[in-house]
Structures are given as structure tokens and as C-alpha cells.
Amino acid sequence: MGSLLRGEEMCLAQLFLQSGSAYDCISELGELGLVEFRDVILLLIFLFIFCYICCSCIHTSSQEQLQRLEVELGEVTRNKEKLQKNLLELTEYTHMLRITRNFVQRSAEVFNLATILSLRVSFELHFKFIEAFERMLWRVCKGYTILSYAEVEEYLEDPDTGEPTKSVVFLISYWGDQIGQKVKKICDCYHCHLYPYPSSNNERNDVVEGLRTRIQDLYTVLHRTEDYLRQVLIRASESVYTWMVQVKKMKAIYYILNLCSFDVTNKCLIAEVWCPVNDIPELRRALEDGSRKSGATVPSFVNRIPTTDTPPTLIRTNKFTSGFQNIVDAYGVCSYREINPAPFTLITFPFLFAVMFGDLGHGVLMTLFAALMVLHENNRKLKNTRNEIWNTFFEGRYIILMMGLFSIYTGLIYNDCFSKSLNIFGSGWSVKAMFDANVWKDSDVTANTYLTLDPNTSRVFHGPYPLGIDPIWNLASNRLTFLNSFKMKMSVILGIIHMTFGVILSSYNHIYFRKKYNLYLVFLPQLLFLMCLFGYLVFMIVYKWLVFSVTDSSFAPSILIHFINMFLMQRDTGLQVFLVVIAVLSVPVLLLGKPVYLNWFKNGSRRHVGMYRFNFADELLHQAIHTIEFCLGCISNTASYLRLWALSLAHAQLSEVLWAMVMRVGLRMDTRLGVLFLVPVFGVFAVLTVSILLIMEGLSAFLHALRLHW
């Protein structure tokens, strides 16, 4: 609790790390998370040399496995590409032989058949290529060729791009070898694929059958290759998370090594670290373990060195307190050894949230949701998802759990469960007493929609409800008026208590840092200003509740008008004048007291000359800003706490509207189909409750509670 309340006591230490064991020592320190390194010097040349030495010496089994898998994946991928390319060529050759059978007989008798050509072009542009190709052959060969072509009906996959393409098969018949050479050059310019063509039908049939067999074999090999590739990838995926962690650790270790300086004389690395004083023995053990793992003959050691620098703040947290600490750190991290408000936020944050969200039913649902996340908090699938919204909920599961539990409590105080009240202990109001006293008659009940219960009548009001608000107020027509008055005054009381508690916490900092003058010149004026004005406002609220009863409630003064008249000095008593004067006089003390005292302390006391630097103008400006912020903040923050009242009423009214417009419609049906109709009605009610009242209203109350704490 001491570490969470004020942070750890830190010290500056030097680490002397031997070159051979530096990597293992830093790794041990990283696993423990004990120290924070300072940037001593940047030696990139040494870092590159050292990283090369370390990388050549460190070969773990997982790294070797990774290299083997990379080699296997590379070989399998290359073989697959070759197989696909061969399969495509064989497929084209097969289609070419099948198509060219229709027109080869008539041309083979006249011309020397030399080759059959296949040109792969895109489907949209192949006609333009065909015309250009045919025109080029005619001009160069001067008509000594006969060109026949046909499209392949099937789409073939391009091995380079993977896109489906159309192939066109050409049969070119020509005279003489010279024209044949020209034809081949033109085909090369158009990137045509040349295939030999047998002269007889039997040979062509044999080639086609052989090609079909090879194509079938290639398909079999491809399928087996894909299966093997899938198995290799599955094995690799099982180790990806471990490799990622190892790579991140290595990057972090080399980054820390970059912050160290190299002692040429002693041939060791020197690092400066901030370390908790209580963890120095554990730090030494970590260095010993790192030296032992690396097999170094010379051990690494640590020396504590004096410093005047302000150490960093270290606050140890656990899985329960880390979320609340993040709420505090989002506004600002505490200074070194300053009081940490996070332990008190464990209670105040969920409580203020529950004041705005108070509903027994909604609190139970929120608690169940958080409890499920807490029970399955070690599930890796829930922790390592890529859904940022879910990660936010999961990281704040203990905050949600506390908010749900406190919402159950405030729901019991408000006596509100899905906009309905629970009559557990019996109402303190009696309707029968009104008939016994002959105030009401049977005709009054039938003739009037609303009747007023008079608490001045004997035995009408037995006493307050044992826990929370009496359930009879859920039936009253003036329920909203009653809750407005109650929750508004409650918000003001809670807000002033919260602000006063924050001012009192500052006194512990003044005492700890031995600045007693802040107690008299800062803390006391702040407390007097707050208590003389707003503390008196709380006193008037409580006084009005206790002194005025139902018999003389009509004579009770308005607190707001009375508070305004207090500043205007109208109808004021001597106590109110005294409180206003004290509050006004505390402002110049808060503004000038500390700068004047420190100026006298610097110039009038020779014993402390040179102990610290002091500038009167800077201190006066700082204190002026602080005074204005505090005095105006007392007024604005008190009004800001009225959001507790506004959000609470808004949540209650939304819950009541949702019940009246959805659930009540299904409950009023008294036919046989009413039960069946109630199922979809309840579904709509549940969806709207979760989406609007739990998620949207919960997020709104969370943000408002966050603002009040900041």
C-alpha cells in the first residue's frame, strides 16, 4: 500500500557489464522490470560490432527452426511456381494440337509444315494483336505464308500475374527455310510460344496422350505440394507468437545496449539506471544470473551513485489497480514521492459513476458481464484480439466490475430496478389511515385520479423506509419533483466532500516534503475559503433537513436565495458576515503569502543562502495563476458536480420511458397470443436496454465521472 500511495524510493546506480555477458544481463533485467536506463552515450559503431558478435553467438533452437521453415517454404514455393508454369505450357500444347487437327490436313500437302505458334494475349486486345501479327507476316514474307488461327475455349492462368488469360493457336505454313527464319523472328517479337508439330496423325495422337498423362501427373504433384505447404504453414503458425515475442525482446535489448557507454580500458559496458532502493539486492542477483548463463569469467556488478536529479516516479500496480492508475495517469503522472490519488480512486470513481447510473437491474447486468471477463482473464484468445473496442473493455474489466457493484448499491438506495421499485420492507405510508381519520371517503377515490397523503394526519407516515427511497414514491405524481430536490442536494454535498478531500490530501505532500510554510500559506487559506462558503452551504442543506419537519415545511427558506443573500450582505447574521470576511481575506493570503515568505526566507536568512534558486516574479505569477484557478474552480466545480443529479435523472427517465413504450405494451395484452407476443417484445426491450441504457448511458456516466476526478 505504501508503494501505491506514494511510489517507490528510487536511486541512481551504475551497471558494469562485461561484453560477453551484457546481452544476458540486460535480458534478465528486462524479465524482472526493475530498472529504467538513462541514455549515457550513443556509439553506433560499437553497437553494430556488438550486435554482430551477439547474433553470431546466439543460436537458439527456435531460431534454427525458423530458418529451416523459411528454407522449406522457399523451396516449396519455387517448385510450385515451376510446376504451374509447366502445367500451363502443356495445357496450351494440348489445346493447340486438338485445334490444329481441323485445318492441318489441307495445308500439309502443299507447304512444308515447320511449326505451330501460340500467342497469349488479353481477351480485350487479342483481335488487335492478331491483325497486327497477320499484317506483319504478310509484309515481311511477301505472301509466302498461310496463317490459320483459333481461340482456346478455356481460360488459362498466367503464371507470372495469376490472372486468367485467353490463348490463340496459330498454324503457319511457309515456303523455304529463309522465310521460316523470318517467321520465327516475328514470333519472338510478339512473345509467341513455339511448339513442334508432328507430321503424322499417329504421332500427333501419341503426343496428345502423353501430354494428358503428364498434365494429370502435374495436377497430382501440385495438390500434394499445396498440402505440404499448408502443413508447413500450420507448423509455422504455432510458433509465430513465440517468435514475435523473441524478436521484440531482442530489439528491446539492443535498444538498451545502445544507451550504454563502452569503457575501452576495462573493456566493459557502463550503464546508468534508476532502480528502487529495496530492489538493489534483486538487481545484483539478476546480474549474477546473466553472467552465469553467458559463462563469463568476470562478473558484472552494480554501484549506487549519489545524484541531485529528480528520480522518475514508480508506482507498482497489479491487475486490479492498474486500470484505476491509468485513469489518474491519463491526467498526469505524480511527481516523485508525491501522494498518489489512485488508491482513493478505487472507491470514489465507481461510486460517482454509480450515483449517475444507479439502477439495480442494470448494475447486476454490468456486474455479470465484468465477472465473466474476470473469470476468463487468462484466456489467450480474449487477451490477444485485434478488436480495439473489446480490448478496451477487457483491460478495464475490474473497473467495470466495481462500477457494477456500486450501481447495485445506489440502485438499492434509489429503489430503482428497470424503472420499478422493490417493496421489500413495506412502505412507511398508510392509505388506510386516511380513511380511518375520515379525510378520504369512497366517493373521493372513485371521483379523483390522484389524492394527496397528508403526513400530518395521525398514522399516515410511520417512518422512513429502512433502505433507500420508499417504494410508494414510484406511484406518486410528484415523484420527479421529490427526486429533483433530493438528488440535487445530494450532488452538491458529494461534490464539496470530494473537493475538500482533495485539498486535505495536499497537506500530506507539504508535510512529507518538509514545506510547512505551505500548510499555513497555501493549504489553510484554501481550506478556509472552501469551508466558509461551500462548507456552509452543505451545513444549510443538512440543517434544513433536520430542523424543518412536515408541520413547518412551508416556512423553510430557500437555500439558494439564502446563499446569494449571504454574498450581498442582505438579512445576514453575524456568522454569515464572519464567514464571508474570512473567505475574502484568505484570497490575498493565498496570493501573496508564499511569494513574500520565500523572498524573505532568501534575503533575510543567511543560513539558507545558495540552497535553492528563487525568482520572486516567477513565484508570484505561479501563485496568481494557482489562486485564480482555485477560487474560480471552487465555484465552477461545485456547479459541475450537479451533473450527478442531471445524469441520474436522465438515466431513470430513459429507463422509465423504455419500460412504458416497450415492455408495458406486451404485458397489457390479456389474450392467448399475449404470451407469444411477449417474446419478441422482451427481445426488443433487452436489445434497447443493453445498447442504450448500458452501453451509451454507461459510457456517458464513465466520461462524466472521469471529468469530475480530473
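The structure is a predicted model, in which local features require pLDDT of at least 70 and side-chain atom pairs count only at pLDDT 80 or more, whereas totals for chains, interfaces and linings use all residues. Residues are numbered from 1 along each chain as its sequence is written, and side-chain values rest on heavy atoms, with hydrogens and water left out.

The chain contains 23 helices and ten strands, taken as DSSP runs numbered from the N terminus (helices, H or I, at least four residues; strands, E, at least two). Of its 710 residues, 41% count as buried; here buried means under 20% relative accessible area, exposed over 50%, and partly exposed in between, with a 1.4 Å probe and protein chains only. Among the contacts in the chain with a separation of 6 or more, 78% are between residues 24 or more positions apart, a contact being defined by heavy atoms within 4.5 Å.

Three cavities of 30 Å³ or more are found in the structure. A cavity is a set of points, on a 1 Å grid over the protein atoms alone, where a 1.4 Å probe fits but cannot get out, and lining residues have an atom within 4 Å of a point. Grid points are joined across faces, edges and corners, and the volume is the space filled by probe spheres set on the points. The largest cavity holds about 90 Å³. Its lining includes Tyr-414, Asn-415, Asp-416, Trp-473, Arg-479, Lys-487 and Ala-652. Helix 17 (residues 479-512) gives the most to this lining, with three residues. By class, five nonpolar, three polar and four charged residues line the largest cavity, where Ala, Val, Leu, Ile, Met, Phe, Trp, Tyr, Cys and Pro count as nonpolar, Asp, Glu, Lys and Arg as charged, and the others, Gly among them, as polar.

The second largest cavity has a volume of about 70 Å³. Asn-415 and Asp-416 are among the residues that line the second largest cavity, and both also belong to the lining of the largest cavity. Other residues around the second largest cavity include Leu-360, Gly-411, Phe-425 and Tyr-465. This lining divides into seven nonpolar residues, two polar and one charged.

His-362 is located in helix 11 (residues 360-375) and counts as buried because its relative accessibility is 0%. The side chains of His-362 and His-651 are joined by a polar contact of 2.9 Å, that is, a pair of N or O atoms within 3.5 Å; within protein, one must be able to donate a hydrogen and the other to accept it, and residues adjacent in sequence count only if both atoms are side-chain atoms. Apart from residues up to four places away in sequence, His-362 touches Phe-357, Phe-418, His-651, Ser-655, Thr-689, Leu-693 and Leu-694.

Phe-418, one of these neighbours of His-362, lies in the loop between helix 14 (397-414) and helix 15 (432-436). Phi of Phe-418 is near 55°, a positive value in a residue other than glycine, and Phe-418 is partly exposed, with a relative accessible area of 23%. A positive phi, near 65°, also occurs at Arg-459, likewise a residue other than glycine. Arg-459 is placed in the loop between helix 16 (442-447) and helix 17 and counts as exposed at 58% relative accessibility.

The structure holds zero disulfides, a disulfide being a pair of cysteine sulfur atoms within 2.5 Å. Cys-187 is buried at 0% relative accessible area, and Cys-268 counts as buried at 3% relative accessibility.

Notes
On a 1 Å grid over the protein atoms alone, a cavity is a set of points where a 1.4 Å probe fits but cannot get out, and a pocket is an open set with protein on both sides within 12 Å along at least five of seven lines; lining residues have an atom within 4 Å of a point.
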